[in-house]
Amino acid sequence: MAAALPPHFPATLGEAFARINAVTAPTIDDLKIMVLVEAAGLELYNGMAKGTDNAEVIALLHHNGREELAHAHRVAKAILALTGEDFAPPSSDDNPYLGVAPPAMPMTPDVLKRLAQGEFGGEALYESWAANIGNEAAAQQFRLNGKEEADHGQRLLAAAALHEA
């Protein structure tokens, strides 16, 4: 059963994405929301992989999903460095942002390319967080995540090309 969200957190995954994408200097609550969002990425990418039978595309999507969960763990490390508080990423079953399934996205090259642009934006987001957090240990975690967000975008573009072939 998914944990309840604090009342001041965004109610849906879409609202959570909108909030974190608007933040340049994150608060601890923003970081906690990011842990939940990044942890949800594992399930979201795995769900997307079910929309194709192309083994190469599936492998690319699964790789991105595993790294999204790793991002959640890194943001949790940043929270620990900033506050001393342990805020572990939840399992998919316990993630409140996965309690209501997002609408299914068709597996098309255009969808994959749009998602790639979002991942490329994640690189810039994490870099702005690193620049504004005022803690080198936290900034290091954000920079690692940002680099991998760019890798996710490249994988999504590769998946789109494979899907078009």
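I take a residue as buried when its relative accessible area is under 20%. By that cut-off A16, with a relative accessible area of 0%, is buried. I note at the outset that the model I am reading is a predicted one.

**Entry: A16**

I located A16 in helix α1. Setting aside neighbours within four places in sequence, I find A16 in contact with P10, I33, V37 and Y97. I also looked up the separation of A16 from L125: the two residues are 109 apart in sequence, and their C-alpha atoms are 14 Å apart in space.

**Entry: α1 against α2**

The axes of α1 and α2 come within 10 Å and cross at roughly 125°. That angle makes α1 oblique to α2, and I recorded the crossing as left-handed. On the α1 side I listed L13, A16, F17, R19 and I20, which meet D29, D30, I33, M34, V37, A40 and L44 of α2. Sorted by class, this contact of α1 with α2 holds nine nonpolar residues, no polar ones and three charged ones.

**Entry: the cores**

Which residues have the most contacts inside the largest nonpolar core? I find Y97, W129 and F142 in that position, in a core of 29 residues. Helices α1 (13–21), α2 (28–49), α3 (55–83), α4 (109–132) and α5 (136–164) each supply at least two residues of this core, and α2 gives the most to it, with eight residues.

Leaving aside neighbours within four places in sequence, W129 is in contact with I20, V23, T24, P26, D30, L31, M34 and F142. I also noted a second, separate core of twelve residues, which includes Y45, L60, L61 and A159.

**Entry: M34**

M34 came up as a contact of W129, and I placed M34 in helix α2. Is M34 buried or exposed? Its relative accessibility is 3%, so I count M34 as buried. Not counting residues up to four places away in sequence, M34 touches I20, V75, L125, Y126 and W129. The C-alpha atoms of M34 and A76 lie 9.0 Å apart, although the two residues are separated by 42 places in sequence.

**Entry: α2 against α4**

I next examined how α2 packs on α4, and read an angle of about 155° with the axes 14 Å apart. That angle makes α2 roughly antiparallel to α4, and α2 passes α4 in a left-handed crossing. The contact draws on D30, L31, M34, E38, Y45 and M48 of α2, together with L112, L115, E119, L125, Y126 and W129 of α4. I sorted the residues of this contact of α2 with α4 into nine nonpolar, no polar and three charged.

**Entry: α2 against α3**

For α2 and α3 I read a packing angle of about 165°, with the axes 8 Å apart. Why do I call this pair roughly antiparallel? Angles over 145 degrees count as roughly antiparallel, and α2 and α3 therefore stand in that relation to each other. The crossing of α2 and α3 is again one that I recorded as left-handed. The residues of the contact of α2 with α3 divide into 17 nonpolar, seven polar and four charged.

**Entry: K32**

I looked up K32 next, and found this residue in helix α2. At 14% relative accessibility K32 falls under the cut-off and so counts as buried. With residues up to four places away in sequence not counted, K32 touches F9, I79, E85 and F87. I checked K32 against F9 as well: the C-alpha atoms of the two, which are 23 residues apart along the chain, are separated by 9.4 Å.

**Entry: H152**

What does H152 touch, once residues up to four places away in sequence are not counted? I listed Y45, N64, E67, E68, H71 and E119.

Terms used
Residues are numbered from 1 along each chain as its sequence is written. This is a predicted model: local features need pLDDT of at least 70, side-chain atom pairs count only at pLDDT 80 or more; totals for chains, interfaces and linings use all residues. Side-chain values use heavy atoms; hydrogens and water are left out. A nonpolar core is a set of buried Ala, Val, Leu, Ile, Met, Phe, Trp, Tyr and Cys residues joined through side-chain atoms within 4.5 Å. Buried means under 20% relative accessible area, exposed over 50%, partly exposed in between (1.4 Å probe, protein chains only). Helices (H or I, at least four residues) and strands (E, at least two) are DSSP runs, numbered from the N terminus. Contact means heavy atoms within 4.5 Å. Axes are lines fitted to C-alpha atoms, for helices over the stretch in contact, and angles run from 0 to 180 degrees between N-to-C directions. Angles under 35 degrees count as roughly parallel, over 145 as roughly antiparallel, 65 to 115 as roughly perpendicular and the rest as oblique. A crossing is left-handed if the near helix is turned anticlockwise from the far one by less than a right angle, and right-handed if clockwise. Ala, Val, Leu, Ile, Met, Phe, Trp, Tyr, Cys and Pro count as nonpolar, Asp, Glu, Lys and Arg as charged, and the others, Gly among them, as polar.
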